Amino acid sequence: QNIKKDIMVKCFVTFEDIKDISKNRRKLINRSVFSHYGDKPWIAFMDYIAMRYDFSKINNICLLGDGASWIKSGTNELRLYQNNSVKFYLCEFHFKQAIHHITTDSDERFYLLHIFKNKSKSYFIDAVNTIIYNNPKRKDIITKKLNYIINNYPNIKAMLDLNIGSSMESHISHL
């Protein structure tokens with residue numbers, strides 16, 4: 001209130017594992033939430049998690065996000081030791097949100113998800129281009145979402161193979 005510009009709060013959620021607690025319900029193990037509104041969120045975050053974790057004992061670090069460049073830059077920040085393998089994954093929420101923006105038809109959504117998971121990238125592109133052909137007035141938004149998916153293609157595929165999902169949006173809403 002009473003400020004002249006927006007403040008972008010960066011939010012980080014760390015966890016060590018995911019546990020199934022019931023059908024369609026999972027729990028983050030040793031979850032911690034950190035937020036920062038300054039210019040250097042990764043520096044502040046690294047100071048915070050350096051107190052929680054011994055990076056010399058960590059092998060695999062999964063970085064989930066929406067594909068923003070400030071998030072992807074974290075792959076370099078998180079690699080503190082030689083044994084740290086850091087991989088970026090586009091979170092499932094943003095992938096499915098892009099699919100939902102491509103089409104409102106539930107059958108087409110199901111079909112696109114199936115194609116993405118089981119067919120080649122070119123097959124997926126052809127399927128979306130068919131939707132564009134059938135909806136020329138929506139060409140710009142569909143093309144934008146297709147490009148978003150294609151630009152993050154390996155990160156989405158890896159996320160789906162890992163079956164890790166993402167709860168970041170619910171954390172942000174909750175906060």
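Good morning. I begin with lysine 119, which lies over the face of tyrosine 123, at 5.4 Å from the ring centre. A charge counts as sitting over a ring if NZ of Lys or CZ of Arg is within 6 Å of the ring centre and within 35 degrees of the ring normal. Lysine 157 is placed over the face of phenylalanine 116, at 5.1 Å from the ring centre.

A word on the source. This is a predicted model, in which local features need pLDDT of at least 70 and side-chain atom pairs count only at pLDDT 80 or more, while totals for chains, interfaces and linings use all residues. Residues are numbered from 1 along each chain as its sequence is written, and side-chain values use heavy atoms, with hydrogens and water left out.

I turn now to the aromatic pairs. A search of the whole structure finds 12 of them. The rings of phenylalanine 12 and phenylalanine 34 have centres 6.0 Å apart and planes at 50°, so this pair is tilted. By definition, rings of Phe, Tyr and Trp (its six-membered ring) pair if their centres lie within 6.5 Å; planes under 30 degrees apart count as stacked, over 60 as edge-to-face and the rest as tilted. Phenylalanine 12 belongs to strand β1 (residues 10–14) and phenylalanine 34 to strand β4 (residues 32–36), so the pair ties together parts that are 22 residues apart in sequence. Helices (H or I, at least four residues) and strands (E, at least two) are DSSP runs, numbered from the N terminus.

Which ring of helix α1 pairs with phenylalanine 12? Tryptophan 42 does: the two ring centres are 5.0 Å apart and the planes are at 75°, so the pair is edge-to-face. Tryptophan 42 lies in helix α1 (residues 41–50) and phenylalanine 12 in strand β1, so parts that are 30 residues apart in sequence are tied together. Ring pairs link Phe12, Phe34, Trp42, Phe45, Tyr48 and Trp70 into a cluster.

Are phenylalanine 12 and tryptophan 42 buried or exposed? Both are buried, and phenylalanine 34 is buried as well. Buried means under 20% relative accessible area, exposed over 50%, and partly exposed in between (1.4 Å probe, protein chains only).

Finally, two further residues. Tyrosine 37, in the loop between β4 and α1, counts as exposed because its relative accessibility is 63%. Asparagine 155 lies in helix α8 (residues 153–162) and is buried, with a relative accessible area of 13%. Leaving aside neighbours within four places in sequence, asparagine 155 is in contact (heavy atoms within 4.5 Å) with Lys87, Phe88, Tyr89 and Leu90. Thank you.
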